[in-house]
Amino acid sequence: MNRKMVFYTLGRIMLVIAALLLLPTACAVYFKETTIPAFAITVAVSIGIGLALTFACRTKNRVIFAKEGFAIVALTWVAASAVGALPFFISHEIPSYIDAFFETVSGFTTTGASILENVEVMSKSLLFWRSFTHWIGGMGVIVFVMMFTNLSDRSLHIMRAEMPGPIVGKLMPRAKDTARLLYIIYIVLTVALIILLRLGGMPLFESVLHAFGTAGTGGFGIKSDSIAGYSPYIQWVITVFMLLFGVNFNLYYLILIKRFRTAVRSTEMWTYFGIVGASTAIITANIFSMSGSFSRSLRDAAFQVASIITTTGYTTVDFDRWPSLSKTVLVILMFIGACAGSTGGGFKVSRVIILFKMIKRELVKLLHPRSVRVIRFEGKPLDEATVSNTGSYLAVYSVCFFAILLTISVDGFDLETNFTAVASCFNNIGPGLSKVGPVMNFSCYSPFSTAVLSAAMLLGRLEIFPILLAAAPSTWSKRK
């Protein structure tokens, strides 16, 4: 383990976090809010940590292997969340540091779960920082840093550890160029959304914050009713963009280089939209009698399906009051998640496809033991390592999920609340059901459970392995 390079890189990243904190600081100055000292202190802390690590851990050996990549990613997300929580805590707008940490982790991991009971009383600068963490975390904190700097000669190890999904490759020859291209696409889509929201009459400040939440598929609302109070036009625009940000960004690159046929033949994309279409149809039919209007039923169903499968978490209706069939569909979508290589969370559509192909292959083997069948994905044969990793991820995912569920059960809430709370945090969704439903929040949990759910969000966003490997003593042993 090249420890010096790990902490040197962490120091550089903390300096970038300090620079990013200048935006909400400027917002506080513009609106003449009392949060200016809180942000100033946080910037100073971030700069202090960054400079200390950078100067103390300078090294000529700047090569990063997989082990260092996992450690850097895990430490960065924990450190960014720990420092990012300080403005909420120092300003006393969230009196408990554990709650502030939960809120910040929820922001960076694009979960959108909140402990705030009345978000509308929060200062605008903190609302900005809260939503901005979604936008930063959506594509990845380190991917953002890589867009401007060369962290090492092997930065792809970091991208693979941070980017969600089972298959991550380079779009460009250098990892830095890949990061830059991804963010250009990300920024263009975000700006397009802001413009469309403004055309719908949404104020600029609200348009920017909702665009941050939609782009990062995070879902932090700035109003108690989330998106319910806005016009049907705005709800449809956000629905469409949630779905767009849930698509694998590699497909946008293929469109840019005019490889349209390859893009439109994506199995994952068509499966993703097929699930969205079928789920929307089922829920529309199921809730029609409640709304009495087909257009309203379709709009509510499409919005919630898009919000849940992309793990955004915005709401336009209290779906906890929907019939059991509709709620069951939404819970299933919580686990499926968006496409690999998107800003969405969850298990990922690509893994679901691979798992079904694995099941099919095993059934064929039972009938024809001597047959050799290769699993193909997106028209290409998958190597056995990827297939095996998908099965291993499901096993670890299941163990972690039920371990977290068992742990937070000490608070004594009903199974529906605890199960959907873990599903929401572990899959980076936002709302659950019952006591953590769309019109409720996570303030009901004890500090212990709040800390556990914070860990669940980090595990889910980084897809478990970076956190587990960073916590393993063997990871930090010196390379022989």
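**View 1. The face of helix α3 turned away from its buried side.** This face carries the exposed residues F55 and A56. The model shown here and in the other views is predicted.

**View 2. The buried side of helix α3.** Eight names belong here: A38, F39, T42, V43, S46, G50, L53 and T54 are the buried residues of α3. Looking down the axis of α3, these residues fall within an arc of 130 degrees, so they line one face of the helix. Their cover includes α1 (3-20), α2 (22-30), α4 (66-84), α5 (86-90) and α7 (124-139).

**View 3. Helix α3 from end to end.** The helix runs over residues 36-56, 21 residues in total. From first C-alpha to last, α3 reaches 30 Å. That is close to the 30 Å expected at 1.5 Å a residue.

**View 4. The largest nonpolar core.** This core has 140 residues. F249, L333, F426 and F442 touch the most other members. Helix α10 (residues 175-199) gives the most to this core: 10 residues.

**View 5. F442 and its contacts.** Neighbours within four places in sequence are left aside here. Beyond them, F442 is in contact with F102, A113, S114, I115, A421, S424, C425, G430, V436 and L453.

**View 6. A second, separate core.** This core has 5 residues. Among them are L10, M14, V83 and L86.

**View 7. R351 in helix α18.** The helix spans residues 349-367. R351 has 5% relative accessibility. Buried means under 20%, so R351 counts as buried. A polar atom of the R351 side chain lies 3.1 Å from the backbone oxygen of F347.

Definitions and conventions:
Residues are numbered from 1 along each chain as its sequence is written. This is a predicted model: local features need pLDDT of at least 70, side-chain atom pairs count only at pLDDT 80 or more; totals for chains, interfaces and linings use all residues. Side-chain values use heavy atoms; hydrogens and water are left out. Helices (H or I, at least four residues) and strands (E, at least two) are DSSP runs, numbered from the N terminus. The expected span of a helix is 1.5 Å times one less than its number of residues. Buried means under 20% relative accessible area, exposed over 50%, partly exposed in between (1.4 Å probe, protein chains only). The arc is that of the directions from the helix axis to the C-beta atoms. Contact means heavy atoms within 4.5 Å. A nonpolar core is a set of buried Ala, Val, Leu, Ile, Met, Phe, Trp, Tyr and Cys residues joined through side-chain atoms within 4.5 Å. A polar contact is a pair of N or O atoms within 3.5 Å; within protein, one must be able to donate a hydrogen and the other to accept it, and residues adjacent in sequence count only if both atoms are side-chain atoms.
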